[in-house]
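Here is a brief report on the two chains shown below.

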Amino acid sequence: MPPHNEDGEKFEGFSQRWKDFPDYILGITHEIWESRGLSTLNHYYADDVIMRFPDGLLRGNQTVINGTMATIVEFPDRQLLGEDVIWSGDGKGSYLSSHRIITTGTHLVDGVFGKATGKKFRIRVIADCAAKNDTIYDEWLIRDYGGMVRQLGFEPHDFARSLIEAEGGLENCRKPFHPSHDVDGGYHGTGNANAWGERYANILTRIMDKDFDLIAREYDRACISELPGSRTVVSHHDIDAFWIGLRSSFPSAKFEIHHQIGREDPMMPPRAAIRWSLTGKHDGWGTYGRPTGAEVHIMGLTHAEFGPFGPPGGTVRREYVLLDEVSIWKQIHMHTGAVG
Amino acid sequence: MSIPGFDPRWKDVPDYIHGITEDIWEKRHIHALKDYYADDIIVRSPATVVQGNKGVIAATLATLAEWPDRELPGEDVIWCGHAEEGTLFSSHRLICSATHTHPGAYGAPTGAKLRYRILADCAIRDNQVYDEWLVRDQGAIVRQMGMDPLAFARDQIAREEGKEACVKPLTPANDKPARYTTSGNTTETGSHYADLLTRIMGAEISVININYDRAAQLEYPGGVPALGPKGASEFWIGLRASFPNAQFKIDHVVGNEEAGRPNRAALRWSLHGKHEGWGTFGAPSQADVYILGISHAEFGPRGLHREYVLFDEVAIWKQIVLQKG
């Protein structure tokens, strides 16, 4: 009998060594990036995998291997600790894993972040990976780049400027991801129909519709939100301030939900994973300063955990929001030309 | 749904605990302490033993005068017992945020914005709290005010007019007998966590690698976050190394296993003995120290996933300074 996932769905097409889909995701992450089995990427990543990062799109597992080597050289003690895997399956052997990771490391070698400083960082990453037949073939990944650069002693807007310069200026620099560059990687799922995913999608949609007062009702008073820039905030006021600050910089941008998963698993709170985006003009005062009219695309990945407190039906107790501040600033600077 | 013997407005123990906390300390119904706290309640914290609800009211007023914007959202309530037997018990974890805007026990206002945790073990019956053990993260408070716990303990002794006159930290010698004498409930989760801590305190540190999730998120005294088995080992070894022969005792164990929640456990424990080793508390002083600890743990599919441990570093240093200068 093939192994089964926790919800009873057969887990077929994957090596027998994995007991279920989360085990596969946690296992290959460890094998590839921590045990340094980089060459196993040839097996675990499809030759023509599409990886979308806020700072650009990568194609093919050889590109991924090269990028990974550069990171490992600069941060040789990097660890990737898998916090959660929120996943869905299409019933036909294709899965989507929204994998939340805490990554830690020490800046020991000169590299993208300049001269080695010996500074330590600890940030979150969420990776949405589509997998079938033991192989990842489509991916969306956001690192808390803002948190990383802050912990290494920079500010995201300055760092974005220095990246543009280091990459050869406005014309030549690597272009942040925009839907107009997207390539079909083969995964067309939109998640599952679980009520917790639906509820969290609805919360985010209403927040983005500027219905901010729902935060006081839908979030627990003691809700802890882990926000971009490795900021941990507690309770309604600061959660509200984050979402208003973001929306108010891009008040007319289009908010879209691309993928939503809800899950109820043993020994876990009900939880949700949403992939969303905000696309449009930087035309308001907010977290990103003076409006510039820049066209910006923001990739967002968020996880939420629900708990029993507050009004009937419970409330959001933990939220993890990933977006890449550096790539947002890069798009703004590329528009204003305010570099160097 | 309500609790026998309690005001029907409370639907269950967590609701009562969250509700009265909000009423008393946030909505300022401080007089309600006369109803919600028994006249002869004993509130033990590592810093001192307070007797009677009048004492609690006085302490509450002093705190609110110094920290008027204090908020106390409740993060969790791990509970056990039976209303009919008068044995209901709640271990309540709170995240406190406050700004130091007025002078008080912490000295002249510093303007510091603080965030720290509190763990409060309360025995309740007939709509009242009648016995309490409370650990506030004093180490986090003083660090966020720019001081270190040892220096603060020294200052505190001076502010309290010296070693003789100062308020004495909790020890078995000045503790008052508990009226709540139950030792909790019996669950796999509670027993498992109690066993883990007992073995860790028995220097069987290897149990950490087996039982803590690689991504375990740990919140330790002083507001110090740590990560994974390595973070847990460093913390527990550091504590034990300072008090290598002290007696470790678990006084109370609660486990809650509910659908839609991680399995959770709350322990109250103590470490009592000589400060005779190098560890978290620096050079051995040979002082006799009593440490009251409360800890909460959450278990997920890959082991212990979250742990919250509190003891009061200032009260530990105060005991050391009082005995050794």
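## Helix α10 of chain B

The buried residues of α10(B) pack against α4 (138-144), α5 (149-159) and β11 of chain B. Contact here means that the C-beta atoms of two residues, placed from the backbone, lie within 7 Å. A residue is buried if 20 or more other C-beta atoms lie within 10 Å of its own, exposed if 12 or fewer, and partly exposed in between, again with C-beta atoms placed from the backbone. Helices (H or I, at least four residues) and strands (E, at least two) are DSSP runs, numbered from the N terminus.

The model is predicted: local features need pLDDT of at least 70, side-chain atom pairs count only at pLDDT 80 or more, and totals for chains, interfaces and linings use all residues. Residues are numbered from 1 along each chain as its sequence is written, while chains are lettered from A and ligands numbered from 1 in the order in which they are written.

Which residues of α10(B) are buried? They are E313(B), V314(B), A315(B), I316(B), W317(B), K318(B), Q319(B) and I320(B). The helix covers residues 313-324 of chain B. Its end C-alpha atoms are 16 Å apart, which agrees with the 16 Å that twelve residues should span at 1.5 Å a residue. The expected span is 1.5 Å times one less than the number of residues.

## The two chains

| Property | Chain A | Chain B |
|---|---|---|
| Helices and strands | ten helices, twelve strands | ten helices, twelve strands |
| C-alpha extent along principal axes | roughly 60 × 50 × 35 Å | about 55 × 50 × 35 Å |
| Buried residues | 46% of 340 residues | 47% of 325 residues |

The radius of gyration is taken over C-alpha atoms, and the globule rule is 2.2 Å times the number of residues to the power 0.38. For chain A the radius is 20 Å, close to the 20 Å of the rule for 340 residues, so chain A is as compact as a globular protein of that length. Chain B has 19 Å, close to the 20 Å of the rule for 325 residues, so chain B is as compact as a globular protein of that length.

In chain B, 64% of contacts between residues at least 6 apart in sequence join residues at least 24 apart.

## Strand β1 of chain B

Strand β1 (residues 37-45) of chain B is mostly covered, with seven of its nine residues buried. Strands pair if DSSP finds at least two bridges between them. β1(B) pairs in the parallel sense with β6 (residues 128-136) of chain B over four bridges. There, V43(B) has E132(B) as its bridge partner. β1(B) also runs antiparallel to β2 (residues 48-51) of chain B, joined by four bridges. R44(B) stands opposite V49(B). A hairpin of two residues links β1(B) to β2(B).

## Core and interface

A nonpolar core is a set of buried Ala, Val, Leu, Ile, Met, Phe, Trp, Tyr and Cys residues joined through C-beta atoms within 7 Å. The largest has 177 residues, and I136(A), L197(B), V254(B) and L267(B) have the most contacts inside it. Strand β5 (residues 113-125) of chain B gives the most to this core, eight residues. Leaving out residues up to four places away in sequence, L267(B) touches Y193(B), A194(B), L197(B), I250(B), H252(B), V253(B) and S295(B).

Between the chains, 19 residues of chain B are in contact with 15 residues of chain A. On the chain B side, β3 (74-80), β4 (88-99), β7 (212-220) and β11 (288-300) each supply at least two residues.
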